[in-house]
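Thanks for making time this morning.

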Amino acid sequence: MLTKLSKAAICSVLLLFLGANFIQAQTQVGPLTDTPHLNGGNTAWMIVATAFVLLMTIPGLALFYGGLVRRKNILSIFMQCFILVAVITLEWMIVGYSNAFGHSTGFLKPFIGGFDWSFLKGIHASDLSPYSSSSTPNECIPHYVFILYQCMFAVITPGLIIGAFAERIKFSGFLIFSLLWALIIYNPVAHWLWSKDGWLAALGAVDFAGGIVVHVIAGISALLMAILLGPRRYYDNHPTPPNNIPYVAIGTGLLWFGWFGFNAGSGLAADGIAGNAFLVTHVAAATAALTWALLDWSINKKPTTVGICTGAVAGLAAITPAAGYVDLRGALVIAILSAAIGYFMVGTVKIKLKYDDSLDVFGVHGIGGIIGSVLVGVLATAGVNPSYVGGTHHLLIQLLAVGVCIIYTGGLTYVLFKIVDKFVGIRVSDEDESVGLDLSQHEEIAYTEAE
């Protein structure tokens, strides 16, 4: 009996020993986990996030901006948004992606990528993206998915500028300016901050989802364009009545929804950082929307639908650069400041300085992007992302990055405006502006009387 028990015990110990070693062998980091490999969960999330960001431009931005202009110009806004999706997508695939994320060589280094990936040459469906999550660098998504995800950012950034020159720009001038702007301004700035070779990224500057690369440079260009074009005819330094406030509200809802892909997708993984970005994005939008509505209520005696929508967008823009680095408390600070300062810029500064930024691109996106991009240098915490923690040194680097990008964008926006205006013309004639851009530029009318 004892012998049988001893044999059984020995066999059990041997089985446990072999089983433990088998489990350990399966969980050890070996050649397969050391080698970059496709992560199906991350890939599925990034495909969805890419679709979310496209939704932000069409129909989100188109409805948001389209509802704010007068009825005779709504289709011009829709057309500008749709043509950017078409043209910038092709620009991105032909040369933009290579310039923004490709390797810098020779005199181009470290200011812009080369042309190795032009027309996506050398990239195949089975290739993994060279850019992956900082927390799991070996768990990758397909290169094509990363390319298309970043394409959506390249599309919406010049789209934001549309709101500054709404109701008074020639379609041909707009199209040429936007294409040149993407080539000469967006692609280099994206390379500086987001590529492996970018000089600002090498200094330690961070921009999680586009506070500088999207909102700051779009806001600065918007301000310059509004000043250079001059005010709309009969503009009396007061907002014109929106033609369709329900469109504004629907557009805001679509932007809010799509922004989850914009921010939570920028970590390139379905992980805790994405979850944090998801949470603080929603909280910032809600907080800024409430702050703007309360300011409206207090100062103008009535809370407005346009006001609460504008506040939500301000909060979304401001949290963008910080979404992967700040916690709930940081999000609340950024949201309240972006709404309060944005409200002041839109309601006081713009009126005092008399520039006609038609749909307040600078006051909302530009100011929001600056606030979030600077404050991430103060509010970032290791509890969210150990790769970056705020402090005096990081604050100075963030200030440098914002300042450099403002100067670069402002200078080249001025140059591009002058060149396009000289050879093509940018502003429509007084007659065309009076008729409306829908008719004068596109021979269409948005609203017709029923027979």
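Let me begin with helix α3 (residues 40-68) and helix α9 (residues 245-264), whose axes come within 7 Å and cross at roughly 155 degrees. Since angles over 145 degrees count as roughly antiparallel, α3 and α9 are therefore roughly antiparallel to each other. By class, their contact holds 21 nonpolar residues, 6 polar ones and no charged residues. Helices here are DSSP runs of H or I with at least four residues, numbered from the N terminus, and axes are lines fitted to C-alpha atoms over the stretch in contact, with angles from 0 to 180 degrees between N-to-C directions.

A word on the basis: this is a predicted model, in which local features need pLDDT of at least 70 and side-chain atom pairs count only at pLDDT 80 or more, while totals for chains, interfaces and linings use all residues. Residues are numbered from 1 along each chain as its sequence is written, and side-chain values use heavy atoms, with hydrogens and water left out.

Turning to the surface, Ile176, Tyr414, Val415, Ile419, Phe423 and Val424 form a nonpolar patch with about 540 Å² of accessible area together; the area comes from the Shrake-Rupley method with a 1.4 Å probe, and for residues only the protein chains shown count as cover. Patch residues have over 30% relative accessible area and no salt bridge, and nonpolar side chains (Val, Leu, Ile, Met, Phe, Trp, Tyr) are joined within 5 Å. Helix α14 (residues 392-423) gives the most to this patch, with 4 residues, whereas Val424 is found in the loop between α14 and α15 (430-435).

Definitions and conventions: Helices (H or I, at least four residues) and strands (E, at least two) are DSSP runs, numbered from the N terminus. Angles under 35 degrees count as roughly parallel, over 145 as roughly antiparallel, 65 to 115 as roughly perpendicular and the rest as oblique. Ala, Val, Leu, Ile, Met, Phe, Trp, Tyr, Cys and Pro count as nonpolar, Asp, Glu, Lys and Arg as charged, and the others, Gly among them, as polar. Patches are made of residues with over 30% relative accessible area and no salt bridge: like charges are joined within 9 Å, nonpolar side chains (Val, Leu, Ile, Met, Phe, Trp, Tyr) within 5 Å. A salt bridge is a side-chain nitrogen of Lys or Arg within 4 Å of a carboxyl oxygen of Asp or Glu.
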